[in-house]
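Good morning, and thank you for the time. I would like to walk through one model with you, moving from its helices to a few individual residues.

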Amino acid sequence: MSDSTTPQGLDRIDLKILRLLQDDGRLGAAEIARQVNTSAATCHRRIQRLFTEGFIASIRAQVAPQRMDRGTLVFVGVVLDRSTPESFAAFEAAVRGLAVVLDCHVVAGDFDYFLKIRARDMVDFNRLHGETLIGLPGVRQTRTFFVMKEVVDNAPLSF
């Protein structure tokens, strides 16, 4: 392995392409090529390879939640009544079907899962909690954390 290659098999140009796309997914291959000093065709091939090899999962717009009337950010800790593969699978299948859940993570500690949810306001979340969340398969307990201020949200990966 040469000095210019990372353990993941990416060279400095690949890393710069990833940083540029992470900062602005709207950049086209020609503009990226200019910034990394390669031809547009070479840059396009590299971007396609980064997709194919799974280094780029997707490119999408980051919509402003406040503009879509979803300004309230809520984290919900969930405890299931049983810690079995079947109860985890049932809960995860149900959560995948909920458009309001932005993120769902299995965690260690006092909770089994943490959910990230955006709502209009506390009233909207209260309705969602009472009508949907506590009725999910296997839910024994939830604990809700309303975000008072977003200090860092969806920061780019550092590499």
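This is a predicted model: local features need pLDDT of at least 70, side-chain atom pairs count only at pLDDT 80 or more; totals for chains, interfaces and linings use all residues.

**Helix H5 and what covers it**

Among the elements that cover the buried residues of H5 are strand S1 (72-80), strand S3 (113-119) and strand S4 (139-146). Helices (H or I, at least four residues) and strands (E, at least two) are DSSP runs, numbered from the N terminus. Residues are numbered from 1 along each chain as its sequence is written, and side-chain values use heavy atoms, with hydrogens and water left out.

Which residues of H5 are buried? In this helix, which runs over residues 122-131, they are Asp124, Phe125, Leu128 and His129. Viewed down the axis of H5, the buried residues fall within an arc of 135 degrees, so they line one face of the helix. That arc is taken from the directions from the helix axis to the C-beta atoms.

At the start of H5, a side-chain oxygen of Asp121 comes to within 3.2 Å of the backbone nitrogen of Val123. A polar contact is a pair of N or O atoms within 3.5 Å; within protein, one must be able to donate a hydrogen and the other to accept it, and residues adjacent in sequence count only if both atoms are side-chain atoms.

**Strand S3**

Ile117 is found in S3 and, at 0% relative accessibility, counts as buried. Contact means heavy atoms within 4.5 Å. The C-alpha atoms of Ile117 and Thr142 are 25 residues apart along the chain and are separated by 13 Å.

Lys116 also lies in S3. Is this lysine buried or exposed? Lys116 is buried, with a relative accessible area of 15%. The side chains of Lys116 and Asp153 are joined by a polar contact of 3.3 Å. Beyond its neighbours within four places in sequence, Lys116 is in contact with residues including Leu73, Phe75, Val101 and Asp103.

H1 covers residues 12-23, and its 12 residues reach 16 Å from the first C-alpha to the last, close to the 16 Å expected at 1.5 Å a residue. The expected span is 1.5 Å times one less than the number of residues. Asp11 caps the N-terminal end of H1, with a side-chain oxygen 3.1 Å from the backbone nitrogen of Ile13.

The buried residues of H1 are Ile13, Asp14, Leu15, Ile17, Leu18, Leu20 and Leu21. They pack against helix H2 (29-36) and helix H3 (40-52).

How do these helices cross? The axes of H1 and H3 come within 11 Å and cross at roughly 80 degrees. That makes H1 roughly perpendicular to H3. Axes are lines fitted to C-alpha atoms, for helices over the stretch in contact, and angles run from 0 to 180 degrees between N-to-C directions. Angles under 35 degrees count as roughly parallel, over 145 as roughly antiparallel, 65 to 115 as roughly perpendicular and the rest as oblique. Where H1 meets H3, Ile13, Asp14, Ile17, Leu18 and Leu21 face Cys43, Arg46, Ile47, Arg49 and Leu50.

For H2 and H3, the axes come within 8 Å and cross at roughly 105 degrees; the two helices are therefore roughly perpendicular to each other. Ala29, Ala30, Ile32 and Ala33 in H2 meet Ala40, Cys43, His44 and Ile47 in H3.

Ile17, in H1, is buried at a relative accessible area of 0%. Not counting residues up to four places away in sequence, Ile17 touches Ile32, Val36, Cys43, Arg46, Ile47 and Leu50. Ile17 and Val36 are 19 residues apart in sequence and 7.2 Å apart in space, C-alpha to C-alpha.

**Two loop residues**

Finally, Asn37 is found in the loop between H2 and H3, and its phi is near 65 degrees, a positive value in a residue other than glycine. Asn37 is exposed, with a relative accessible area of 72%. Asp69, in the loop between H3 and S1, likewise has a positive phi, of about 60 degrees, although it is not a glycine. Asp69 is partly exposed, with a relative accessible area of 42%.

Note on methods:
Buried means under 20% relative accessible area, exposed over 50%, partly exposed in between (1.4 Å probe, protein chains only).
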